Amino acid sequence: MVPSKLPKSFTLGGFQDPVEYDPKHPFHDEPYTLRSIEIQSADWFGKDKLGFVKLKAVIRNSKPKSDLPGIAFLRGGSVAMLMILRPKDSRDKRWVVMMERPPVPAGSLAFWEIPLGMVDKSGTFTGAAAKEIHEETGLKIPAGELIDLTALALQDSRRLESKSLQQAMYPSPGGSDEFIPIFYGRRKELITLRVCDYEDLWREGARDAKTLAAWALYEGLNRSGVIQEELVHRRKTHRSQPSQNEPDGTV
Amino acid sequence: MPGNQKPEPFVLTGNFDGQDLSNDCTVYLPENGKTSKDDVLNFPAFKDWLKRLLYNLQRQEDEAHEFHSNKYRLTEIDVQAADWFTKTRLGFLKIQAKVENGAGESLPGAVFLRGGSVGILLILEAYDPKDPQRRFEQQTIVTIQPRIASGSLALAEIPAGMLDGKGDFAGKAADELKEEVGIEIKEDDLFDMSKLATEQIPTYPWAKGKTPGPLSESIENSMYPSAGGCDEFLPLMLCQKRLTVEHMEKLDGKKTGLRKEGERIRLRLVPLKDLWKEGGRDAKALAALALYESLKREGWVPSMPTKPDA
């Protein structure tokens, strides 16, 4: 294994936030710096597409034994979709579109969750779940029709570093870079039979982080009237607005 | 281990730790030779994951199982990388599992193996000894620490860690809570929200269109942050405590974690009603809120204590 150095011209897009130069920053007196990165493994999807990278980063300040935990499982972002169906004849009943998939890491062949996928360059929800929905119903879901719940919830966040973090949910920030914006969509027809009664969603989806997170964001934004405001705003503008913060994910 | 030779693969056959294998499975070890067969087989996260997967694969033998006519088989495990916490304690494994059926269809097999942990929704309410009946706005505690994987030095999360041998909350967040806030979270203080929500909800791969039958899988009664890539599961627990008004005020004004040199974990008070926004990037915070609100509405959540711990 031959180590290589990053060329001086190497820049990381978007990471211009000079947080470490802020004298009020807790680490200002003893800033941490990135010393080295060891790429331990890589998983390819087919011949050309790099899927996951596992690495170990050495990040320390000038004090001895100051290393931060540096293991990272890199996989980039995806998107989750809370699609609520409210058939006209069903009064107040709401259904949520669900998926069942066999995630080997959980050792399960039947994990119940809200759909997960990607948003492609044209702004359409894609991936295995989207494909299944399309196969069953003929429906394609443009991201412009969806409301980005995570962006709405985080827009007032005054937290340090909000600018350099995604407007998304992080499933496991200590071990992975994975981030998942959660979108909300609604339809008046029952488009698929693989649904969960909204009243049971928190329980039936209680093993799945994104399902519970989607519920929490939807409830919070709904109760505070933010979703209604957003829907009214969209009706006024009379066209689909592309969602501001979907990741630049490619299939 | 003799220095850095490329290790030989080995085969798992018959049964693994009491769980039947329906076919042989070849296991490859990391090329750098620093992780042995015994290291892998004794790693608790590996054992738990493999036993569970094998058990759930075996459910396919039942005719009603969705995959019965084209069963998936685990044929290979490639242990690509290992991370050691100390010279003797294995922390994480990164593996690629080959799980495929007779029709050449395979399941995504990349697994970041790390085992389970625990997440705590800690709700605090002030207590005025001069006016013991008075209620205050409920607060919660978030931790802020460097999270290299997400590229952040300051992402707010609810406390996470482990339960030690006695069932008490342990780890860096627990230590910080004890040192800076004077709170120790013991087994008796914990209310397991995940278990209550999930234990009546099995996962069952029933054949499409048929009603669920008795084919329930082995699965944790916990939350899985990222089931598609990682074995990690966390039961989300609730802990509710009263602190004197004085104590709460000190906490509110304090910036914990800065007193000690190199202290990297800090704590902050956040009003419970704002956690969904202030902790909105943290899956466990949002998930814990979802469980807390729903269980509370159904009357399952124990009441807030009427006074501080003795």
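Trainee: Which residue forms a salt bridge with Lys51(B)?
Mentor: First, some ground rules: this is a predicted model, where local features need pLDDT of at least 70 and side-chain atom pairs count only at pLDDT 80 or more, while totals for chains, interfaces and linings use all residues. Residues are numbered from 1 along each chain as its sequence is written, chains are lettered from A and ligands numbered from 1 in the order in which they are written, and side-chain values use heavy atoms, without hydrogens and water. A salt bridge here is a side-chain nitrogen of Lys or Arg within 4 Å of a carboxyl oxygen of Asp or Glu. With its closest N and O atoms 3.4 Å apart, the partner of Lys51(B) is Asp17(B).

Trainee: How many residues apart are Lys51(B) and Asp17(B)?
Mentor: That pair ties together distant parts of the chain, with Lys51(B) in helix 2 (residues 44-58) of chain B and Asp17(B) in the loop between strand 2 (15-16) and strand 3 (19-20). Helices (H or I, at least four residues) and strands (E, at least two) are DSSP runs, numbered from the N terminus. The separation is 34 residues.

Trainee: Is Lys51(B) buried or exposed, or something in between?
Mentor: Buried means under 20% relative accessible area, exposed over 50%, and partly exposed in between (1.4 Å probe, protein chains only). Asp17(B), at 48%, is partly exposed. Lys51(B) has a relative accessibility of 31%, so it counts as partly exposed.

Trainee: Which residue pairs with Lys284(B) in a salt bridge?
Mentor: Both members of this pair are buried. The closest N and O atoms are 2.9 Å apart, and the partner is Asp282(B).

Trainee: Over in chain A, which helix holds both Glu230(A) and Arg234(A)?
Mentor: Their side chains meet in a salt bridge, 2.9 Å from N to O, and both residues are buried. An α-helix has 3.6 residues a turn, so residues three or four places apart point the same way. These two sit 4 residues apart, about one turn, in helix 5 (residues 226-237).

Trainee: How many salt bridges turn up over all chains?
Mentor: Some of them join into networks, including one that links Arg101(A), Glu113(A), Asp208(A) and Lys210(A). A search of the whole structure puts the total at 35.

Trainee: Why is helix 4 of chain A described as largely enclosed, and how many of its residues are buried?
Mentor: Helix 4 (residues 209-223) reaches 21 Å from its first C-alpha to its last, close to the 21 Å expected at 1.5 Å a residue; that expectation is 1.5 Å times one less than the number of residues. Gly225(A), with a positive phi near 80°, follows the helix. The rest of the structure largely encloses helix 4 because the buried count is 13 of the 15 residues.

Trainee: What percentage of the residues in chain B are buried?
Mentor: Chain B has 7 helices and 16 strands, and its C-alpha trace spans about 70 × 55 × 35 Å along the principal axes. Of its 310 residues, the buried share is 53%.

Trainee: How far apart are the C-alpha atoms of Tyr72(B) and Gln60(B)?
Mentor: Tyr72(B) is in the loop between helix 2 and strand 5 (73-84) of chain B, and its 8% relative accessibility makes it buried. Along the chain, Tyr72(B) and Gln60(B) are 12 residues apart, and their C-alpha atoms are separated by 8.1 Å.
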